[in-house]
Amino acid sequence: MKLFSSVKDVTDVNQLVSEAIQLKANPFADEQLGKHKTLGLIFLNPSLRTRLSTQKAAMNLGMQVMVMNMDKEGWALETQDGIIMNGTTVEHIREAAGVMGEYCDIIGIRSFPGLKDRDEDYSELIFNKFVQFCGVPVVSLESATRHPLQSLADLITIEELKTTAKPRVVLTWAPHVKPLPQAVANSFAEWMNKADYDFVITHPAGYDLAPEFVGNAVVTNNQDEALAGADFVYVKNWSSYQDYGKILSDGEGWMMTNEKLKLTNNAGVMHCLPVRRGLELSHEILDGPNSLVLNQANNRVWAAQAVIKSMLKGS
Ligand code: CP
């Protein structure tokens, strides 16, 4: 594998999940594979889980890891081509990406959307330019439109815990005080469609995801109807795709609670974290037996390790 930015980059998703589960059982089986290889992790935005789980995955494979908080420690990046750089940007992404490719065997990059210009965000300008100019395999650590390492970890979590071949999986919108990207929801939908579960998306009117991500999912604005019989409930806020980057209402009544859990098939409740307690998800759920948030966080390591291993073997 040379690129991990979407489920479309994976030839055999079942095999990748199986690989991750095997690595979980035997984390150091490939500790020689990454010897004298360097992983560079570039963050243009904050992170806890992605940063630490990917570092741990690389260390389990025997790699060296360098982390660059580009937003705080790097030069201000220019992304436009052909521009006269007489403003505030100091270094062009062409040189920055090329330089990092000289130092690293694999690069991971996180670059969130600006949520101002939908066409620009959905063109994945920064992520694609890094891929184009760094010259080494690239792992997305969350781009403007997708978070594939999170989605792979989510799929691993469901595969480990499901009790039927085709569980009912519900992605439900949740309230938030800030406009958030659609990336986690887009990506989760993309991977759930690939997994061929009974997949339902529920959100208030105006929060439809882009059709390419909705795929074959059933979509409803009636949360109770969606939750009925659910085996897994994935809770996540996202801002509007249609009225791009906007919060359309306070979302009162959409927080997942124990009362709503009664509608489900004793569902496992998922969230990628960080989560706003008492706003997106109730304290009682997060502190209760149905919460799978730590299972998901744990599986971030094995998701990253399976992907990096595949890149090391291909490079
Ligand atoms: N879920 C997730 O990606 O967490 P971080 O933003 O902390 O990396």
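**Reading helix packing around helix 7**

The crossing of helix 7 with helix 8 is right-handed, as seen in this predicted model.

Student: How are two packed helices described?

Tutor: Two packed helices are described by the angle between their axes together with the distance between those axes. In this structure, helix 7 packs against helix 8, which covers residues 183–195, at an angle of about 45 degrees, and their axes lie 9 Å apart. That angle makes helix 7 oblique to helix 8.

Student: Which residues of helix 7 and helix 8 make the contact?

Tutor: From helix 7 come Pro148, Ser151, Leu152, Asp154, Leu155 and Ile158, while helix 8 supplies Ser187, Phe188, Trp191, Met192 and Ala195. Sorted by class, the contact of helix 7 with helix 8 has 8 nonpolar, 2 polar and 1 charged residues.

Student: At what angle do the axes of helix 7 and helix 13 cross?

Tutor: Helix 7, residues 148–161, and helix 13, residues 293–314, have axes that come within 8 Å and cross at roughly 115 degrees. Because angles of 65 to 115 degrees count as roughly perpendicular, helix 7 is roughly perpendicular to helix 13. The crossing in which helix 7 passes helix 13 is right-handed.

Student: Which residues in helix 7 and helix 13 meet?

Tutor: On the helix 7 side they include Leu149, Leu152, Ile156 and Glu160, and those they meet in helix 13 include Asn295, Arg300, Ala303 and Val307. By class, the contact of helix 7 with helix 13 has 8 nonpolar, 5 polar and 3 charged residues.

Technical notes. Residues numbered from 1 in each chain as written. Predicted model: local features only at pLDDT ≥ 70, side-chain atom pairs only at ≥ 80, totals over all residues. Heavy atoms only, no water. Axes fitted to C-alpha atoms, helices over the stretch in contact; angles between N-to-C directions. Helix = DSSP H or I, 4+ residues; strand = E, 2+ residues; numbered from the N terminus. Parallel < 35°, antiparallel > 145°, perpendicular 65-115°, else oblique. Left-handed = near helix turned anticlockwise from the far one by under 90°. Contact = heavy atoms within 4.5 Å. Nonpolar A, V, L, I, M, F, W, Y, C, P; charged D, E, K, R; others polar.
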